[in-house]
Amino acid sequence: MLGKFRRKAGSESGGSTVEFVIIFPVFVAAVFSTIEAGWLMSKSMMLDHGLDLSIRDLRLGKVTRVTADQIRDQICDKGVVFNRCAEGVLVELKPIASSADYPVEGSSCIDSSVVDDEGLVVIPEVEFNPGSRSELMFVRVCAAVDPIFPGIGLGLRLPKNGDGTYNLVSTAAFVNEPE
C-alpha cells in the first residue's frame, strides 16, 4: 500500500488540471470585467449624449416651459442603451450664482429598493428650475443601471444600490441665451 502511494505522489498526471483550475477563474473574471467596463462606458457616453441633446432647446431658449419628466423622456429616447429608463432616471436643474457655486454634494439617485408604507418607490426630492435668460444653469442626471455580470469581476466591485443597480451621473452647465 505504501509503495502504491509513493508511485501516485511522484506522478505528474493531472498537473495541467491544477493549473487550469487556478488560472481559469482569473481569466474569466478579467474577460467579464472588460465586457462590463465597455458596457459601462457605452452607457455613460449615451447618458452624456442624451443629456446634451435633450437640453439643447432649453439652452437656446426655444422652450421655456419644460418639466423634469419631459427632459427625462427625451434622455431616454436618445440614450438607447438603458432598460427601465423612465423608472431609473432623475433630472436635477437649477440656477447657480457663479461657476464657483457648482453643487459639491452627492447626486440624488433613484433606488427602487427604498419604498414607502404603500409599497411605492421613494423618489428623492431634487430641484428643477429652468431659470431665466442669461442665467448660469447646472444640470445633473442620475441613471440607475443594471450590471451585466453582477457577481463577478468589475460587476462585483461596483458600488450598488439596494436593488442591485449602480448609478451613472452626468453633469453639465450652460448659460441660458439672452433675449
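**Close-up 1. The largest cavity in this predicted model.** In this predicted model, the largest cavity holds about 50 Å³ of space.

**Close-up 2. The largest pocket and its lining.** Here the space amounts to about 200 Å³ in the largest pocket. Its lining takes in 14 residues, and Asp69, Arg72, Val89, Leu90 and Ile123 are the ones nearest the pocket's centre. Sorted by type, the lining of the largest pocket has 11 nonpolar residues and three charged ones, with no polar residue. At least two lining residues come from each of α4 (68-78), α5 (85-88) and β1 (89-95).

**Close-up 3. The open sheet.** Three strands line up as β1-β2-β3 in an open sheet, with antiparallel pairing. At the edges sit β1 and β3 (166-175), each pairing on one side only. On average, neighbouring strands of this sheet are turned by 15° against each other, ignoring direction.

**Close-up 4. β1 beside β2, with α4 packed on the sheet.** β1 and β2 (residues 136-145) run antiparallel and are joined by seven bridges. Zoom in on leucine 93 and you'll find valine 139 of β2 as its bridge partner. α4 packs on the sheet and touches both β1 and β2. The direction of α4 makes about 125° with that of β1.

Methods:
Residues are numbered from 1 along each chain as its sequence is written. This is a predicted model: local features need pLDDT of at least 70, side-chain atom pairs count only at pLDDT 80 or more; totals for chains, interfaces and linings use all residues. Side-chain values use heavy atoms; hydrogens and water are left out. On a 1 Å grid over the protein atoms alone, a cavity is a set of points where a 1.4 Å probe fits but cannot get out, and a pocket is an open set with protein on both sides within 12 Å along at least five of seven lines; lining residues have an atom within 4 Å of a point. Grid points are joined across faces, edges and corners, and a volume is the space filled by probe spheres set on the points. Helices (H or I, at least four residues) and strands (E, at least two) are DSSP runs, numbered from the N terminus. Ala, Val, Leu, Ile, Met, Phe, Trp, Tyr, Cys and Pro count as nonpolar, Asp, Glu, Lys and Arg as charged, and the others, Gly among them, as polar. Two strands pair if DSSP finds at least two bridges between them. Axes are lines fitted to C-alpha atoms, for helices over the stretch in contact, and angles run from 0 to 180 degrees between N-to-C directions. Contact means heavy atoms within 4.5 Å.
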